[in-house]
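Dear colleague,

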Amino acid sequence: MKNKIVTLGVWACLVFASMGLTKVLASPATGFPDFTQLVEQNHQAVVNISTTRAERASRETIPPQFRGIPDEFLRHFFGFDPRQERRPQPERRSQSVGSGFIISEDGYILTNHHVIEGAETVVVRLSDRQEYKAEVVGSDPRTDVALLKVDASDLPRVKIGDSEQLKVGSWVLAIGAPFGLDYTVTAGIVSAKGRNLPDDTYVPFIQTDVAINPGNSGGPLINLQGEVIGINAQIYTRSGGFMGLSFAIPIEIAMNVVDQLRQTGRVERGFLGVQVQEVTAELARSFNMDKPVGALVAQAYPDTPAEKAGIESGDIILKFDGRVIEKSADLPPAVGITPLGKEVEIEVLRQGERRVLTAMLAALSEHEPQAKTEEKPEEPERLSSNRLNIELETLTREQLQRFNLPFGVGVSKVDEGLGRKNGIIQGDILVSINFQPIRKVEDIDAVLEKARPGQSLPVRLVRNGRSVFIALVVE
């Protein structure tokens, strides 16, 4: 079966509530932490969430290989009647169950977006079996966080912790209802932090080996001080069940969403305006760095906070608003949780020199991608370069504008030689080598003449419409 990351969908998950720190002692018999007091003091704040959705049953009667064939042919030659699929299907009600936890005495409850997505009704059941119909205050699909509100008071609530202080190897605990089994408690350790999953660029997940299964969605992940430091959201599985790889949304990310939902009912994220890539060991050598670190700016888009702050292609972002950027994936969540309009300091490495720039973030919604029109290029002038053994061609002004480039030459052919060996391919646009602009063949040869054998040079390319850096090792 195909390996995959899956949200926990239906069922429920863990959490605790504590008004004070809980000291967890090691069991004298085993030496492992004794979680009993932790569970007793916190489980009242864990809730079950059941939802009802209206769905229409699918009635596909025509096999995929026959789709697209005219109706008359389907009826007369294959015996299918397309009209059956077009008839209105009866609506049916489906129910699902997840988890959540109470974060305020007046009835605010945190859970996953996918637990309540598309729900007509949301019912919250407390540990004392009282049930409340919940209002969805707001929901954010990008972080998979949703905020509910029930009309109640004096409710038990969890204590919110600090996931940034969490250390890999720490014990953590989960309470939930996997497969509908209420208030199941499981424990494990933090396996990794800052884990990035496909399509989740704004969430640096906490990876644990806590047993999480369908039904744990929306439940809290709790540290040994009785504080919630994450929301259980996804697992990696081949079978659909637990395989030792669980992922939780850090509580800082979730509470940032909660604050915005409570104030405005929607979530607005910061936008910097850069395209970044990973700093590989090879690129680190070309930038004369001691080790690979930071987020390499492949492109700073015009008329964005990045451009206004003076960020340039080839800069390596080392710190953002005081946060160390170890890898390129660290930057999007750091930008995403920064309040709009806040002036932030950005430390960059530019050609071996550290600089601190100041940017004021704009709203992501103000910078939606603009559609680009295809333009027919003018007849190019063909050039060549003996040092790289590639053929080049000039670019028209329209082509340069299309990729937002002030200069650059196109690669029309790559023969055996230095260019191919270092990963240059036909269709690339050479923009700069060792930060020197490339406008003509002579510019390439001039840069390579000054380089010593074995030296690694950063090369900025545009490939498939995206700006990237590669390392060119001179022979």
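Which residues line the largest cavity? They are Thr143, Tyr202, Ile253, Asn256, Val257, Gln260, Val267, Arg269, Pro333, Gly336 and Ile337, where a cavity is a set of points, on a 1 Å grid over the protein atoms alone, at which a 1.4 Å probe fits but cannot get out, and a lining residue has an atom within 4 Å of a point.

Please keep in mind that this is a predicted model, in which local features need pLDDT of at least 70 and side-chain atom pairs count only at pLDDT 80 or more, while totals for chains, interfaces and linings use all residues. Residues are numbered from 1 along each chain as its sequence is written, and side-chain values use heavy atoms, with hydrogens and water left out.

A search of the whole structure finds 1 cavity of 30 Å³ or more, and the largest cavity has a volume of about 60 Å³, a volume being the space filled by probe spheres set on grid points that are joined across faces, edges and corners. H5 and H8 each supply at least two residues of its lining, and H5 gives the largest share, 4 residues (helices are DSSP runs of H or I with at least four residues, strands are E runs of at least two, and both are numbered from the N terminus).

The second largest pocket holds about 510 Å³ of space, a pocket being an open set of points with protein on both sides within 12 Å along at least five of seven lines. Among its 21 lining residues, Glu164, Gly194, Pro204, Arg323 and Asp330 are the closest to its centre.

With best wishes
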